[in-house]
Amino acid sequence: MVVSRWRASAGDAVLRQCMAMETAALDLERIAAGRDSLVAGSVRVTTTEALADQVVAPAIATLRQAHPGLQVDLIVGVRSLDIARREADLAVRFARASVPDLICRKLGEVGITLYASKRYLARAGIPKRGQGLAGHDLITLAGAPAATSPFFMGESLDGARIALRCDNPLIQRTAAADDVGIAELACFLGDRFPDVIRVWPHEAPARRTAWLILHEDMRRSARIRAVSAAIAEAFRHQRKTLAASDRYDGPKQK
């Protein structure tokens, strides 16, 4: 019994030492990468499908015209990757990071509202703002972080039915167009798709802040700075489209 406890204690000590060595190695790798002075090499960027399509991929395409030696690995989805462990070098997210060693830079606001097909709304009726979505079919996310809530414009979901869970907003939009139910989409994604309409066209969209997140050890890397600047400039250039401020025409006249 004593021997078993000793072996368990020794095993725990070895495991802790291995973890400490791995952390130290990752720290050294990150610091070395952060001192890179060339706009060349690989940069891992993670973001959502919608932001990748609208902002990040076009920004990278423009950047590579000036820096053809740059390779960007674009990882899309709602799952948060560990920047401290170099699962990604940069993240563009709606949830602000709270880890001390991570730098968060505000990129801009993204307008979010509810969309459905005309056929669905004709069949199920248009829900009244502020009175919840009871009786309606919803298309929602499966793995979004709680930091991006509230969802569905803050409406009560009591009595609503979840028709489809999917973390890809492009598929959510298609499902809404196919009369599956109501989806909450970025306005730049919903407004350009003719088969869905805003549920409340005269209601100002909700706004979510997009953040650029990187580790402080990487902020001096030339390639990280170049990709960060390109993404920030793309957000600045598209700020009205992203915030949907050019589509909202004020409250409905009574």
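## A kink in helix H2

Let's start with a bend: helix H2 has a kink of about 40 degrees at Val-56, shortly before the proline Pro-58. The bend at a residue is the angle between axes fitted to the seven residues ending there and the seven starting there. Helices (H or I, at least four residues) and strands (E, at least two) are DSSP runs, numbered from the N terminus.

This is a predicted model, where local features need pLDDT of at least 70, side-chain atom pairs count only at pLDDT 80 or more, and totals for chains, interfaces and linings use all residues. Residues are numbered from 1 along each chain as its sequence is written, and side-chain values use heavy atoms, with hydrogens and water left out.

Helix H2 covers residues 49-66, and its 18 residues should span 26 Å at 1.5 Å a residue, which agrees with the 25 Å between its end C-alpha atoms. The expected span is 1.5 Å times one less than the number of residues.

Several H2 residues are buried, among them Val-55, Val-56, Ala-59 and Ile-60. Buried means under 20% relative accessible area, exposed over 50%, and partly exposed in between (1.4 Å probe, protein chains only).

## Pro-205

Another proline, Pro-205, sits in the loop between strand E8 (197-198) and strand E9 (206-215). Pro-205 counts as buried because its relative accessibility is 8%.

## The whole protein

The protein has seven helices and nine strands. Of its 254 residues, 43% are buried.
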